[in-house]
Amino acid sequence: MSTVNIVYWSGTGNTEAMANAVAEGVTAAGAEANVIFVSDASVDALKDVKAFALGCPSMGEENLEEAEMEPFMEALDGVISGKQVGLFGSYGWGNQEWMRDWEERITNDGATVVNGEGIAFLGEPDDATNDELKALGSALAGLA
């Protein structure tokens with residue numbers, strides 16, 4: 001059975017809920033989901049997999065969370081070429097610029113953003129967004 005790692009950072013619980021919805025999609029597709037808070041994640045564990053997910057809300061001036069997720073992403077920058085990466089996160093304001101920047105960063109690293117774009121939602125995810133996140137999990141399971 002393949003395993004899909006879902007690494008996330010969440011401050012309010014919205015992005016954590018999104019990570020859990022991705023995990024539901026992974027398990028429904030017959031793979032194992034490994035949901036990991038970023039401080040417990042290992043870059044080495046992602047080097048040897050084909051596909052994984054990253055989740056982070058928009059912070060500050062539409063940036064990734066700076067204390068844990070940004071350093072983790074910096075460590076990933078040199079090792080994710082050829083990978084399939086699902087992106088997701090919540091936001092409280094703005095125009096989703098952080099997600100577009102993150103998508104571009106993943107692409108510039110030589111990886112592919114699954115479905116061509118990340119999933120961003122204002123606040124707590126609704127049923128339609130949860131369905132989209134589950135579909136992302138299913139896609140990742142098929143790529144793992």
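The legends below describe close-up views of a predicted model.

**View 1. Helix α5 and its buried side.**
Helix α5 comprises the 17 residues 127–143, and its end C-alpha atoms lie 24 Å apart, in agreement with the 24 Å that 1.5 Å a residue would give. The buried residues of this helix are T129, N130, L133, L136, G137, L140 and A141. They fall on the same side of α5, because the arc that they cover around the axis is only 140 degrees. An α-helix has 3.6 residues a turn, so residues three or four places apart point the same way. D127, A128 and G142 are exposed on the other side of α5. The cover over the buried residues of α5 includes strands β1 (3–8), β3 (51–55), β4 (84–91) and β6 (119–122), together with helix α1 (14–28). At the start of the helix, the backbone nitrogen of A128 has a side-chain oxygen of D126 within 3.3 Å.

From first to last C-alpha, the twelve residues of α4 reach 16 Å, close to the 16 Å expected at 1.5 Å a residue. W98, M99, W102, E103, R105 and I106 are the buried residues of α4. These residues cover an arc of only 160 degrees around the axis, which places them on the same side of α4. Their packing partners are β3, α3, β4, β5 (112–113) and β6. After α4 comes G110, with a positive phi near 90 degrees.

In soluble globular proteins, nonpolar side chains tend to be buried together. The largest nonpolar core of this model contains 27 residues, and L54, F72, L76, W102 and I106 have the most contacts inside it. At least two residues of this core come from each of α2 (43–47), β3, α3 (69–76), β4 and α4 (97–108). Beyond its neighbours within four places in sequence, I106 is in contact with L54, M73, I80, V85, L87, A111, T112 and V113. Another core, of 20 residues, lies apart from the largest one and has M18, A31, A53 and F88 among its members.

**View 2. The aromatic pairs.**
Two aromatic pairs are present in the structure. In the pair formed by Y8 and F37, the ring centres are 5.4 Å apart and the planes stand at 90 degrees, so the arrangement is edge-to-face. Because Y8 belongs to strand β1 and F37 to strand β2 (residues 32–37), this pair ties together parts that are 29 residues apart in sequence. Y8 counts as buried, at 7% relative accessibility, whereas F37 counts as partly exposed, at 24%. The pair formed by Y91 and W98 is tilted, because the planes of the rings are at 50 degrees, with the centres 5.8 Å apart. Y91 is buried, with a relative accessible area of 14%, and W98 is buried as well, with a relative accessible area of 2%.

**View 3. The loop between β1 and α1.**
S10 is placed in the loop between β1 and α1 and counts as buried, at 13% relative accessibility. Its side chain reaches two backbone nitrogens: that of G13 at 3.0 Å and that of E16 at 3.2 Å. Neighbours within four places in sequence aside, S10 is in contact with T15, E16 and F37. E16 lies in helix α1 and counts as partly exposed, at 36% relative accessibility. Residues up to four places away in sequence not counted, E16 touches Y8 and S10. The C-alpha atoms of E16 and C56 are 8.8 Å apart in space, although these residues are 40 residues apart in sequence.

**View 4. The loop between α3 and β4.**
S81 occupies the loop between α3 and β4. With a relative accessible area of 53%, S81 is exposed, since exposure requires over 50%. Leaving aside neighbours within four places in sequence, S81 is in contact with D109, G110 and A111. S81 and T112 are 31 residues apart in sequence, and the distance between their C-alpha atoms is 8.3 Å.

Notes:
Residues numbered from 1 in each chain as written. Predicted model: local features only at pLDDT ≥ 70, side-chain atom pairs only at ≥ 80, totals over all residues. Heavy atoms only, no water. Helix = DSSP H or I, 4+ residues; strand = E, 2+ residues; numbered from the N terminus. Expected span 1.5 Å × (residues − 1). Buried < 20%, exposed > 50% of the residue type's maximum accessible area, 1.4 Å probe, protein only. Arc of directions from axis to C-beta. Contact = heavy atoms within 4.5 Å. Polar contact = N/O pair within 3.5 Å; in protein donor to acceptor, adjacent residues only side chain to side chain. Core = buried A, V, L, I, M, F, W, Y, C linked by side-chain atoms within 4.5 Å. Phe/Tyr/Trp six-rings, centres within 6.5 Å; stacked < 30°, edge-to-face > 60°.
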